[in-house]
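Subject: Structure for you to look at

Hi,

Here is the structure I promised to pass on. Please open it first, then read my notes below.

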Amino acid sequence: MPRNLKSGLLIGCLVIGMLAAVGAGFLLTGEPASIARIGEALPSVNLPSVEGIEGSGVELEGATGRVTIINAFASWCLPCREEHPRLLEIAERYDVLIVGMNVSDLPENAEAFLEELGNPYDLIGADPRRETFLELGLVGMPHTIVTDASGVVRASHPGPITDRFVNETLPALLD
């Protein structure tokens, strides 16, 4: 078997395995599974600006002093569009810092996405090569991480944010 085919099959099997793990977690608990590092300090998150979005760019170094939500999204991601109204609701209802991480997206598409749907993000940065996405242990799109005020990861939510996340999970993390 040619080497490229073997590599492709291996990558395909790994992706299917990760999706199966996430799906199994969802079937068993009603919420997606996660491989993020809950209970550990969030590593530094430094993302360059999204071209065309004024004031963008992210530099998080440890604690922010507020509960922080980091949301990985992209304009091409249909579930990101589905969850977007809930992010706007969170921005309106809760005193949290919301950080957008635009993953593998063209800047003009990200700008158009936020112009059309509204911008819930306090900070937004670009992750064109998925480097930070992978460093944080995120799986699938969208994916949301919540840290407490001291910068410790308290929740990781692969898949679209649900009403349950907005009304139960997040309020419990704010206490």
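This is a predicted model: local features need pLDDT of at least 70, side-chain atom pairs count only at pLDDT 80 or more; totals for chains, interfaces and linings use all residues.

A polar contact here is a pair of N or O atoms within 3.5 Å; within protein, one atom must be able to donate a hydrogen and the other to accept it.

**Asp127**

Start at strand β5, residues 123-127, where Asp127 is found. What does the side chain of Asp127 reach at 3.2 Å? The backbone nitrogen of Thr132. A polar atom of the Asp127 side chain also lies 3.0 Å from the backbone nitrogen of Glu131. Both distances, 3.2 Å to Thr132 and 3.0 Å to Glu131, fall within the 3.5 Å limit.

There is no salt bridge, although Asp127 is buried. The nearest side chain of opposite charge belongs to Arg130, and it is 7.1 Å away. A salt bridge would need a side-chain nitrogen of Lys or Arg within 4 Å of a carboxyl oxygen.

Leave out residues up to four places away in sequence, and Asp127 touches Leu47, Met101, Asn102, Val103, Ser104, Thr132 and Phe133.

**Two positive phi values**

Two residues in this area are worth a look. Arg130 is not a glycine, yet has a positive phi of about 60 degrees. Arg130 sits in the loop between β5 and α4. Its relative accessibility is 27%, so Arg130 counts as partly exposed.

Ser104 is one of the residues that Asp127 touches. Ser104 also has a positive phi, about 50 degrees, without being a glycine. Look for Ser104 in the loop between β4 and α3. At 28% relative accessibility, Ser104 is partly exposed.

**Aromatic rings**

How many aromatic pairs are there? The count comes to two. Phe73 and Phe113 are stacked, 5.6 Å centre to centre, with 25 degrees between the planes. Phe73 is in strand β3 (residues 68-73) and Phe113 in helix α3 (residues 107-117), so this pair ties together parts 40 residues apart in sequence. Phe73 and Phe113 are both buried.

Phe73 and Tyr121 are stacked as well: 5.1 Å between centres, 20 degrees between planes. Tyr121 lies in the loop between α3 and β5, so its pair with Phe73 of strand β3 joins parts that are 48 residues apart in sequence. Tyr121 is buried, as is Phe73.

**Core and Met141**

In soluble globular proteins, nonpolar side chains tend to be buried together. Here the largest nonpolar core has 42 residues. Which residues have the most contacts inside it? Val45, Ile90, Met101 and Met141. Strand β4, residues 97-103, gives the largest share of this core, with five residues.

Leaving aside neighbours within four places in sequence, Met141 is in contact with Ala72, Phe73, Ala74, Trp76, Cys77, Pro79, Cys80, Val103 and Phe133.

Last, the peptide bond from Met141 to Pro142 is cis, with omega near -5 degrees. Pro142 lies in the loop between α4 (131-135) and β6 (143-147).

Best wishes

Note on methods
Residues are numbered from 1 along each chain as its sequence is written. Side-chain values use heavy atoms; hydrogens and water are left out. Helices (H or I, at least four residues) and strands (E, at least two) are DSSP runs, numbered from the N terminus. Buried means under 20% relative accessible area, exposed over 50%, partly exposed in between (1.4 Å probe, protein chains only). Lys and Arg count as positive and Asp and Glu as negative; His and the chain ends are not counted. Contact means heavy atoms within 4.5 Å. Rings of Phe, Tyr and Trp (its six-membered ring) pair if their centres lie within 6.5 Å; planes under 30 degrees apart count as stacked, over 60 as edge-to-face and the rest as tilted. A nonpolar core is a set of buried Ala, Val, Leu, Ile, Met, Phe, Trp, Tyr and Cys residues joined through side-chain atoms within 4.5 Å.
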